[in-house]
Protein chains: 2
Amino acid sequence: MNDLTQTPEMLIATMGARARRAAAALSQASDAQKADALIRGAQALRGQSAAIIAANARDMESATDNGLSPAMLDRLRLDAARVEATAAGVEQVARLPNPLGEVISRQVRPNGLELTRVRVPLGVIGIIYESRPNVTADAAALCLRAGNAVILRGGSEARESNRAIHAALVQGIVEAGLPADAVQLIPTTDRAAVGALLKAAEHIDMIVPRGGKSLVARVQEEARVPVLAHLDGINHSYVDGAADPAMAEKLVVNAKMRRTGICGATETVLIDRAYGAAPALVKALLEAGCAVRGDEAVQAMDARVAAASEEDWDTEYLEAIVSARIVDGVDDAIAHIAAHGSHHTDCIITDDAAVAEHFLNAVDSAIVMWNASTQFADGGEFGLGAEIGISTGRLHARGPVALEGLTTYKWMVRGTGQARP
Amino acid sequence: MNDLTQTPEMLIATMGARARRAAAALSQASDAQKADALIRGAQALRGQSAAIIAANARDMESATDNGLSPAMLDRLRLDAARVEATAAGVEQVARLPNPLGEVISRQVRPNGLELTRVRVPLGVIGIIYESRPNVTADAAALCLRAGNAVILRGGSEARESNRAIHAALVQGIVEAGLPADAVQLIPTTDRAAVGALLKAAEHIDMIVPRGGKSLVARVQEEARVPVLAHLDGINHSYVDGAADPAMAEKLVVNAKMRRTGICGATETVLIDRAYGAAPALVKALLEAGCAVRGDEAVQAMDARVAAASEEDWDTEYLEAIVSARIVDGVDDAIAHIAAHGSHHTDCIITDDAAVAEHFLNAVDSAIVMWNASTQFADGGEFGLGAEIGISTGRLHARGPVALEGLTTYKWMVRGTGQARP
């Protein structure tokens, strides 16, 4: 695969041109044909499960030799159950409603021109991801179902696994009569290929990085292609003076502790000075196993509370640590979130509907919540079926992004011979 | 205004922080207040018409001394009628429907969470434009009405005019009780300020360049902030074998010749080999004063047709020149457009509805038309009231962009105490 005379730019240009041709074909294929490709791809994943697991074993052996951490080895590992879950995920995407063809708006102008805006595929999407090989299938399925061609760039540690999964998906695509180039996997793990992909604005319409913060930061820094991603999830739960203490305790502990490693986890608790049960709330967090770093007022509530530094307010812990401070009402909470938040997910807990609506309107985040756990920030929980990622950008798609975020629209104008006066 | 120790980056950071604060205030202001600011701004433009024209006279004097072309001088010139038209344009934006607050989607999840997606302002928008001083008012009005703060960077030749118009708009904004920083004008005409603006992704959410191709190309090349624009309008009118000759002649001549300098003008005519009246169509173009550059078959139709070079198929003339070639049916036309088009506006002229629908689906452009003049590619003609520009990008907004394209959405989640299981 690796022609030594081929530069990364040439490789991406070649793959990009093939992807563009495949995208043109996909845009004209029926929805049934695309769903069929995914159903057949899922069948191929199951049929080739043994070969996929054998390929994964080779990756695991190299990864063990290279001293990967136990957590990374677990993310890399495939077994029969994980291959089955991957196949089932592909089938689930096949069963989602068709995102294409929707008439977003329609009008007839006074001159008789009929104008419709119709949802169409975005084009060619690049996915850059790390060790989890199931992303090969998940991301490809979403892109394909929305009528897009995709170029995948997986982590070098999952090279054999990704190739095996890719081969099964392509089998399904070809069996359904669609072009094999609809889903391409960059054959080299040379890092320069990522750089070339990030700069290939002519060939790639959008890049989605899937992985840790350093990957996302590199992609956002280097890309000349639009990027759909979030860097941080510095999420806040604000407990208003008018919050019900039992609800506040339940939601804050869930928002922080249900799973500490997900991007929707709460990282800072803001407590209204008027809220009476603050010490009990802090105690509940501590007793759930969470370390608390507080301002002076919070420290005074419990000897186990450590002092928060300025840096804590800007930190996404992704572990059992929370920062906590007392604020002077909802506007002070809104100001703290504006200064320190990452525009991901922020929540107010209160029984006062007017205060809640003010918070929902004034906090400038992709997701704003009232009386719910921030851990609900997830495409599946939002009823989107699956998600390609969560975006904290403001353009195109915001919050959990699934099929609709992988589409665009075109204007169709139907006339009867109108010339412009 | 120009502190000599201040770098362009510091200037933009300061203006950006002020714009962000103004945007937060605008996002919470009522629609009536924003409309009121525009009505008052229009009144101030009228009231200060003499001062604006005097400022413009100083610009015109410098521009004449600097040897600006007559066309550029005309674009720069303001008189009472043009100031009145500018004021009326601002009022028109004030009368457009409120683009904010729309509930784009709503659902109640099985767990009782209510999810709505609500249209909100985009944030802070940068506008970079050339000599026409009315853009100062047009662009600011659209941004403000959509709840955004705006940073304007006009051409150095219109410096005095832009300042005078800006002052009138700010007067209206302040009278309406909104922050003066809602509309800021970069006080220096130092080109480095443009570079700083283009890289200020932290402060600016979207850049809209308004001007000639070299400006747009520079912005697209240098920007790290998302750009909404089109570089070329290499638009095609395809005359199908089943086209009505009278309609084809009328539409093609209008599409090319009504105004040759606008981005919706047709630049290439593709003629189906099966179309019987091709020589008459070519003759009609020639007799309307259009130079025709054709392939061999078109050259054979009329001695006045010059030979088209390969470069002609990729050229946006913006004058009374058209390229023309014979194609083998609709799919050959689609292939030519895919190879040479700029994804702006492309039209089919035919009486065959099935062929037309195939063209509308298969041509990957922001605007696709059937039996209409490509000169209709315009926000006003599309019923959008006004436009900030036309986008050939695929993300966020495509085709004519007006108020809706200057907004984004947020997810609002309303619960009753749901924790995530």
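Buried area is the accessible area (1.4 Å probe) that two parts lose on being put together, summed over both. In this predicted model, local features need pLDDT of at least 70 and side-chain atom pairs count only at pLDDT 80 or more, while totals for chains, interfaces and linings use all residues. Residues are numbered from 1 along each chain as its sequence is written, chains are lettered from A in the order in which they are written, and side-chain values use heavy atoms, without hydrogens and water.

Chain B and chain A bury about 5800 Å² between them. Carbon and sulfur atoms give 48% of that area. On the chain B side, R394(B), W411(B) and R420(B) lose the most area to chain A, together 15% of what that side buries. Contact (heavy atoms within 4.5 Å) takes in 69 residues from chain B and 69 residues from chain A.

Polar contacts are pairs of N or O atoms within 3.5 Å, one able to donate a hydrogen and the other to accept it; residues adjacent in sequence count only if both atoms are side-chain atoms. The interface holds 57 residue pairs of this kind, both at pLDDT 80 or more. β16(B) gives the most to the side of chain B that touches chain A, with 11 residues. Strands here are DSSP runs (E, at least two residues), numbered from the N terminus.

β16(B) also pairs with strand β13 (residues 367-372) of chain A. The sense is parallel, over five bridges; pairing requires at least two DSSP bridges. Within β16(B), W411(B) is the bridge partner of I367(A).

Technical notes
Helices (H or I, at least four residues) and strands (E, at least two) are DSSP runs, numbered from the N terminus.
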